[in-house]
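The account below starts with how one pair crosses.

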Amino acid sequence: MKLQDADLEGTVPRYKGLDEISQWLDGRPEGGMVRYSRLALPFSEEVTMKTDETAAWTEFETAAEPDALGEDIRSVIRRLGEDPEREGLLKTPERVAASLRFLTSGYHQDVDKVLNGALYSVDYDEMVIVKDIELFSLCEHHLLPFFGRCHIAYVPHGKVVGLSKLPRLVEVFARRLQVQERLTNQIAETIMEKVNPQGVGVVIEAKHLCMVMRGVEKQNSVAVTAAMLGVFRDSQQTRDEFLSLVRGR
Ligand SMILES: [Zn+2]
């Protein structure tokens, strides 16, 4: 069963923290989405772009040539009642086109290439966890950003993946038009498929500008999604260990 937002309306109380999310997952081991209005975790202001992301964005902007997408943006600006020829807006269409190309560049990235050469055989079966991976994506309903943190854990089954590859893997799927729940599932399923662990757990906490700017949710509202596969689905103890490691900071 896949949970839809509508299934949760009215049935899920407001959750305050990962303890409650853990309990919620016990009843829905396949994962799903829950929104809560208070922060389970300190959502610090430190969420900033990493240096390499800034560099990549700049590359896209530098390479931008006047093109059809820029022309379309120019027409959007005109339809909004603005004058695309005024000084401040002259280069905006090409900049917007470049930023959209960057923010959707995940479509052109190959997961196998990203993970290439970073799978190692090990005799190790303790949980591997990478938490607080910064995440920036675009909601597919409004083309507005959602951003936050991704926490990934897996229990190896003879193989581990280089830790630095997990943030790259998150980017491959985040730089697309997304819904948070699908993004969470894609990350979990890809690790399951490529690393073949005993199980994988992925939790994403994110703020959606389309929610906070419209005022439909409180400013601090965070959407939490979880995907639990393998031992993370089957064993409450494994899930709890993951969530308590995420919480301990
Ligand atoms: Zn949206």
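H4 passes H5 in a right-handed crossing; a crossing is right-handed if the near helix is turned clockwise from the far one by less than a right angle, and left-handed if anticlockwise. This is a predicted model, in which local features need pLDDT of at least 70 and side-chain atom pairs count only at pLDDT 80 or more, while totals for chains, interfaces and linings use all residues. Residues are numbered from 1 along each chain as its sequence is written.

The axes of H4 (residues 68-79) and H5 (residues 92-103) come within 8 Å and cross at roughly 120°. Axes are lines fitted to C-alpha atoms, for helices over the stretch in contact, and angles run from 0 to 180 degrees between N-to-C directions. The two helices are therefore oblique to each other, where angles under 35 degrees count as roughly parallel, over 145 as roughly antiparallel, 65 to 115 as roughly perpendicular and the rest as oblique. Leu69, Gly70, Ile73, Arg74 and Ile77 of H4 meet Thr92, Pro93, Glu94, Val96 and Ala97 of H5, contact being defined as C-beta atoms, placed from the backbone, within 7 Å. By class, this contact has six nonpolar, two polar and two charged residues. Ala, Val, Leu, Ile, Met, Phe, Trp, Tyr, Cys and Pro count as nonpolar, Asp, Glu, Lys and Arg as charged, and the others, Gly among them, as polar.

The 12 residues of H4 should span 16 Å at 1.5 Å a residue, and its end C-alpha atoms are 16 Å apart, which agrees; the expected span is 1.5 Å times one less than the number of residues. Gly81, with a positive phi near 95°, follows H4.

Leu100 lies in H5. The C-alpha atoms of Leu100 and Leu143 are separated by 9.4 Å, although the two residues are 43 residues apart along the chain.

A second pair is formed by H7 (residues 165-174) and H8 (residues 180-195), whose axes come within 10 Å and cross at roughly 135°. That angle makes H7 oblique to H8. H7 passes H8 in a right-handed crossing. Leu169, Val170, Phe173 and Ala174 in H7 meet Leu183, Gln186, Ile187 and Thr190 in H8. These residues divide into six nonpolar, two polar and no charged.

The protein chain has 11 helices and eight strands, taken as DSSP runs (H or I, at least four residues; E, at least two) numbered from the N terminus. Buried residues make up 30% of its 249 residues.

Conventions
Two residues are in contact if their C-beta atoms, placed from the backbone, lie within 7 Å. A residue is buried if 20 or more other C-beta atoms lie within 10 Å of its own, exposed if 12 or fewer, and partly exposed in between; C-beta atoms are placed from the backbone.
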